[in-house]
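Biologist: Hey, could you walk me through the charged pairs in this one? I'm new to it.

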Amino acid sequence: MYLISKLLYLRKKEFIGIVIILAFSVSSFAQSYILKGRIYDANDKEGLPGAHVLPLCGSTVDGVACDINGIYTLTLKVQKCTIRFQFLGYETVEKTVSFQGTNVISLDIPMKSTDTKLIGVEVKEKRYEIRKDESVSSLEYIPAKHIEDQNITKLDAAFDKVGGLVIVNNEPQMRGGSGFSSGMGSRVMIMMDEMPVLRVDAGRPAWNLIPMENIEQIEVLKGAASVLYGSAAITGAINVRTAYPKNKPETRFIWYNGFYSRPRADYRCSWAEGIVPLTYGGSLSHARKIKKLDLVISAEYAHDDGFVGQETSIDSTLLYPDLYKKIVKEQRLRFNFGTRYNIKEGVIAGLNGNFLYSQNTMTHFWLNADSGMYRTFPGSLSEITDFMFFLDPFFKYYSKNDASHTVKGRFMYSDNWATNNQDSKSEMYYLEYQYAKRFKKVGDLQMFVGVVGQFARTRGNIFTSVGDTSGILKPRYSTNGALYVQLEKKFLKKKNLTLLGGARYEYFQIFEEFGHLLEDSASANYVEAKPVFRVGVNYQIVRTYTSIRASFGQGYRFPTIGERYITTRVGNYGFYPNPDLKSETSWNVELGVQQMFRLLGIQGFVDIAGYYQRYNNYVEFFLGPWLTAEQEFDVLKRYGFKFFNTGEARIAGVDLSIVGEAKMTKYFKYSFYFAYTYSNPKVMDTNYVFTETSSKAYDYINTSSNTNGQIMKYRLEHVFKVDVDFTFFECLSLGISTQYYSLMKNVDAFFYTLDRFSSTAPRYVRNSPVPFPFDGLEHYRETHKKGTWVFGLRTSVEMWNVKLSLIVNNLFNKEYSLRPMAPEAPRITTVQLLYRFTEGEPFFPKKNKDS
């Protein structure tokens, strides 16, 4: 009995031991291992939100994405695993981790930028940071290096590598969303640090006001953006983000000198032999940190003789060269400063400012379409002296509960002295408050709520009404206020599904007398208020680097003071007011796909988007006989330009871009950019009567030069852009670019009516002894109907901190015009010298052998 009990006791101990061993084994088999850390930029140590962490060990565990600070946490089921860390625009990193003696490993990953030139690696779209591949809308960015390489001194020249955006005679056209309007009423919002820099009187971009020598990057948002940026952003928005100091103080100096070539058809040249129109200038900028203060200052001087000659006839100039007077297209001096003071942790305040003085000319019509292509029509040249400045105070407070409060403002002043009775003076006051909050308990839901107010006053001869002989210049006022909200949340385990929604309500008013909140025709008080909405989704397939996006957005645009009240005369043709002009509204849908690729040593992406935008009350600019017989006895002097609401329109199209780069050897690499945009802008009701005179009703049919396909006026349907850049030995570069612009198929029919050589011109025009700027236009357009190719070439050598560049625009000296009667520049050859000095380094440092 004793032996039996002893054996049972031993068996019991063995059984318990076996159970313990099995339990331990099961526990080990089910053990979870935690890998955590931070992924950050190896250069500036900033976290990389959205960077992906993917296990490659055959685990059933999915990868994860970093949070807004670059922090990640990955749970594994195996003791040893290879992990891939990847982020767009950075070198992929793979690490093998082994959990020997621990269940938790902390691993921080510094990632090196590939120094990529791929468009849109990181931009700021919604008044906060977002990556291009996570956006719900199409957007692109222009880095500071591109501005430097191309010697871009004005913002309107910076978009040769942005698909779907073309600057036509100083007017931005986004995906065919706008046509010719003499620069007024831009449908693309132009901003600097997310505050408007459009001239408040006419809605005209102030291209020369932007400090191109102090830019971090330029961001381009395509499609209706009124929810974010208000009225003018009905087809898109451009935001210029200025730079702040890096860790070390830096000074940069640029000087350039260039010249215009004579046109290929020498008889068209507007300057005599022996004269060479020049373009030259320079800029100096300095950025540094002074304890808690960030300081940036810069100055620029620019001189451009231009290529359009005076009104003197060709024969007179050739026979008597002394009659030639060089017309300076622009001469300007600009000063810019930026400050940012860190009051304490999480509290920032500052003041930025920009001052501009310029003398420039604006030529509205050429003399004729042949020998006078590069000369201005008598009376159509406006000489302008412009003084502008703005001051931007701002304050930002980051609270401890993942929230921030931002207050920023802008006072903008403009004083223009101009010929042709076009003087004007305006002031703009802008103020915005934004509250941003991230709700961790709701899955990192991000909320942005803001209130915006703007007030403007404008006074000038150019905004008086026809027949106003009082001699008293009454100021006109405009004001608008808005509330907006935007919500964004990422879903799924990898945080690769983004949903976004937003709304905005805006009140707008133009008036002459204070005290009227509602519309009142007696006091010329015009009031409208509208809500707009926006929704979007972006889904990323992490392992294939595929991003799919879709969005819907509403847009609106209130008419500017200039569109409603402009009154002037240029080259015998008037610009007439329309105080009954109403706002235009739209809605926009877009579906896009972005696919990253690696092929034959090339890394890049393909992005394609289809878009459709529908308009109501579309505003167009028309040439016609808008003055009555009582206002003007001479029939030919009744013609002029005027804005009208033209009913419904729609624009559909495709926007394609392919971007890539490759490092073929240690000493040779190249990059390329390809973009093609097709826009089909169409009038929906061709019989819509937009205005009537005593003798005629005007609609699309009888005011269009070409009604085939119901194409809207002044639109470029096909735009093609290519840029290739080669780099040798890290110091020599060669770049080639080309752009193709299709002919504007449809223009005002009256352009042909007033062409003395046109088959459709009436007898009184054909027999007129007085020349017209439209003379020869029909023949010119017929001989250029296949569109225009324009090429560019650039090369540079960079050693130490010095860079010497040669830049040739319009390489083959093409003679062409995008907007009728407005010639584009002949070939411009420019030499640029750049020197960059970083404090603490030698003036001419030796090149790093490892670079």
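Biologist: Is D415 buried or exposed?

Modeller: D415 counts as buried, at 9% relative accessibility; buried means under 20% relative accessible area, exposed over 50%, partly exposed in between (1.4 Å probe, protein chains only). This is a predicted model, where local features need pLDDT of at least 70, side-chain atom pairs count only at pLDDT 80 or more, and totals for chains, interfaces and linings use all residues. Residues are numbered from 1 along each chain as its sequence is written, and side-chain values use heavy atoms, leaving out hydrogens and water.

Biologist: Which side chain does D415 meet in a salt bridge?

Modeller: That's K425, at 3.8 Å, N to O. A salt bridge here is a side-chain nitrogen of Lys or Arg within 4 Å of a carboxyl oxygen of Asp or Glu. K425 sits in strand β25 and D415 in strand β24, 10 residues apart; strands (E, at least two residues) and helices (H or I, at least four) are DSSP runs, numbered from the N terminus. K425 is partly exposed, at 28%.

Biologist: Switching topic, what does E148 pair with?

Modeller: E148 forms a salt bridge with R252, with the closest N and O atoms 3.2 Å apart. E148 is in helix α2 and R252 in strand β18, 104 residues apart. E148 is buried at 10%, and R252 is buried too, at 15%.

Biologist: And how many salt bridges are there in the whole structure?

Modeller: A search finds 51.

Biologist: Which residues are linked in a network?

Modeller: Salt bridges link E140, R175, K222, R549, E590, D607 and D655.
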